[in-house]
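The sequence and the structure are shown first.

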Amino acid sequence: MIEKKTIYYEEREAHPGKFTGYEAKSEYLECRGEQGCILRLYPISEEIVRVRYSIRGQFQRDFSYGLDDKKNFDSIVYSVSEDDMYLCMSTAAIDVKIDKSDLKLRFLNKDGFVINADEKGFHWEANTNYGGHIVQMTKTATVGEAYYGLGDKTVELNMRGHRFQNWGTDNYGYQKGSDPLYKNIPFYYGLRNGIGYGIFFDNSFEAFFDFGKERSEVTSFWAQGGEMNYYFIAGPELLKVAERYAWLTGTPDLPPFWSLGFQQCKWSYYPESRVREIAETMRSHKIPCDAIYLDIDYMDGFRCFTWDKEKFPEPKKMIDDLSDMGFKTMVIIDPGIKVDEDYPIFTEGLEKGYFCKLAEGEYIEGKVWPGDCYFPDFTNPDAREWWAGLYKELIEELGVAGVWNDMNEPALFEVPSKTFPPNVMHHYEGKTTSHREVHNVYGMQMARATYEGVKRHSNGDRALIITRSGYAGMQRYSSVWTGDNIANWEHLWLADVQAQRLSISGVSFCGSDIGGFIGQPNGELMTRWIALGIFHPFCRVHSSGDHGDQEPWVFGQEYTDLFRRFVELRYELLPYIYTAFAQYHFEGTPMMRPIVFYDQSDMETISRDHEFLMGDHLLVCPVTQMNSEARFMYLPRGTWYYYFDNKKLEGQQSIKIATPIDEIPLFVKAGAIIPHYPVQQYTGESEIKEVTLKVYYGNTTETSEYYEDDHTSYAYENGDYRKSCIEFSGTVNDVTLTQSIEGTYQTKIQAYVLDCIGFPFEIKEAVVDGISITPIDGKISIPSNFKTLVIK
């Protein structure tokens, strides 16, 4: 029987056939196959080519939620050449060769190296369950070729040998290898013989990716409907591929500065007296913290946009009082709207027709926290506009600082599929379609509506949005967390890997539930987790109240002190982290980078999972095993300083490093300049006028950036920011720092205090812009607007 099924499968599989002709238009190169298939190649930049197929000669509507709708992706000028075997499209960076015998593609760099090539190439078969077609692509996988990306997948960073499914799923208590999960990012990197590239398969139907699991020499991707529509992104540097993918799918606004501080959450803090107790205890323990969260129990019967007046009789006063203590208030909002004729939001949504319906016209009704619920159709712009307006009271009137969207895969209770049936119909921006096409974008479009509403009602201030589910491009609207994890050591490893993977998949503003959502960690695990969490852009403790308390002070004084020590380090490094976020916003550079993104020519980096760079110059390697006294790690190319004792080590070697529980393996690249703030209990507690710059000597040149703005408004969009580029140049006898400044923002920082580390000579003199100054205790104080500093 298996053999017959295999033969039947091969018989129904169709291919484009031989090349029959082409037409070179200004927007694309169109090639025709003998089976009626049409291939279009759109060169939208020198390094990016869009590849699109039509099976029967008619293309579907050209629409994508994944692409950045603020940009214009018009094609660039290209050239065409031809011989007996190939038709070739060329840009300044790449050549795309179309095989005339079968319409297979090869992508080559200008040295003639084949970066990526079709194996079977495009093929399709009938979708016998739903009609339409299953569209498929197979490509060659060379020996040693590595693959990265795809968002929150729970395996090693190099995905070679694995298969994955993209179908957003509420996977409570997932494990290593669990799939699918919450997020649906159909973008991956390939690294072939040191040459990097990317493929963004922009198709929101249920999709699959196979990286040599079925056949070791082949990688493939396919979807259960829609078009074969993907973007080939040339590097050769993996980091450049990341930035070009971000150019396609967008980057987030700069966040409010407070959102990079530490945040405390639980399911659930209630009543109001308990929330106040948490805030007061946090301050009494002097653990810096910027936000406290209210989970679903703040609502009246879990009805969104309501308050339980018994638990929270005066929400505005509570929020104002928390604000006076330096705490922002975050609230959760789910998509399920309780079926209740006395609930105005339900009746208004029903009256205006904003809820999702089945194909037969009946509303889709599902059970979630409030009981029976209807669900807004967030692919309807009118429904999004309505949803955005619902935030007025929470944000504008009560002073809530941000919103956390959960359960938006969408998740349902008491059904085997955990979600909507496939015959739910959606508006889809005017093109009615089924849930099969919308499922993977539903959470993203909810986050979009939330983002638009919160931004509208925040009086010009930036706000924090968080989503559990989403599609490629979700980063334009929201940060993310990794979902319902578990308080164990495996999940600490997963937190490291998932955050790195999300970061290189376009979603840098990410983090895990520190300590684990399910279960309760002991003091050692909690300490190791916060030591990692302070290097994740989104830094939040969250847990389920069913499993006990998880505040920083519940594990005993020793661990409270350790927790405080790491959070204080986070607050010292906030200007560096914010600068990394600015690079992400403006350039699309991932904030967290696996070390293969630092040196892809080094074979040792290709399959490393633990080590990553936060920003340009900090190398982090978490401790993910219990009772650890030491661990092995790899130092990549360059010279590195251990952060806690300034010991200098050379890279391109494996080292064994001691792992005392009050430290995390943290290294700084030689030549780097790392800005440090004084510790505050919350961001903006007092005005900072002096910043410490830790300057790490190297006999080299290195550029460091330090980005500033007002931390609150959108004035930076009009150039009101300050980007300081400081070039370090070191010799055995002196060091020169040269600063250039971009932007119009007038910094409040009056002075830099330089802490000079690893200098091979005794510092006797410093000359800043021609004026000699005397170092004091080895430290040098200079004006923040200096141009040139020479240290001798």
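The model is predicted. Two packed helices are described by the angle between their axes and the distance between the axes. Helix α6 (residues 381-389) and helix α8 (residues 435-456) have axes that come within 8 Å and cross at roughly 45°. At that angle, α6 is oblique to α8. The crossing of α6 and α8 is right-handed. On the α6 side, the contact is formed by R384, E385, W387, A388 and G389. Their partners in α8 are Q445, M446, R448, A449, T450, E452, G453 and R456. Sorted by class, the residues in the contact of α6 with α8 are four nonpolar, four polar and five charged.

The table sets out two of them.

| Pair | Distance of centres | Angle of planes | Geometry |
|---|---|---|---|
| Y188 and F211 | 5.0 Å | 80° | edge-to-face |
| W404 and W481 | 5.9 Å | 80° | edge-to-face |

Y188 belongs to strand β14 (residues 187-192) and F211 to strand β16 (residues 207-211), so this pair ties together parts 23 residues apart in sequence. Y188 counts as buried because its relative accessibility is 0%, and F211 is likewise buried at 0%.

The pair of W404 and W481 links distant parts of the chain, 77 residues apart. W404 lies in strand β26 (residues 402-405) and W481 in strand β31 (residues 479-481). With 0% relative accessibility, W404 counts as buried; W481, at 1%, counts as buried too.

Definitions and conventions: Residues numbered from 1 in each chain as written. Predicted model: local features only at pLDDT ≥ 70, side-chain atom pairs only at ≥ 80, totals over all residues. Heavy atoms only, no water. Axes fitted to C-alpha atoms, helices over the stretch in contact; angles between N-to-C directions. Helix = DSSP H or I, 4+ residues; strand = E, 2+ residues; numbered from the N terminus. Parallel < 35°, antiparallel > 145°, perpendicular 65-115°, else oblique. Left-handed = near helix turned anticlockwise from the far one by under 90°. Contact = heavy atoms within 4.5 Å. Nonpolar A, V, L, I, M, F, W, Y, C, P; charged D, E, K, R; others polar. Phe/Tyr/Trp six-rings, centres within 6.5 Å; stacked < 30°, edge-to-face > 60°. Buried < 20%, exposed > 50% of the residue type's maximum accessible area, 1.4 Å probe, protein only.
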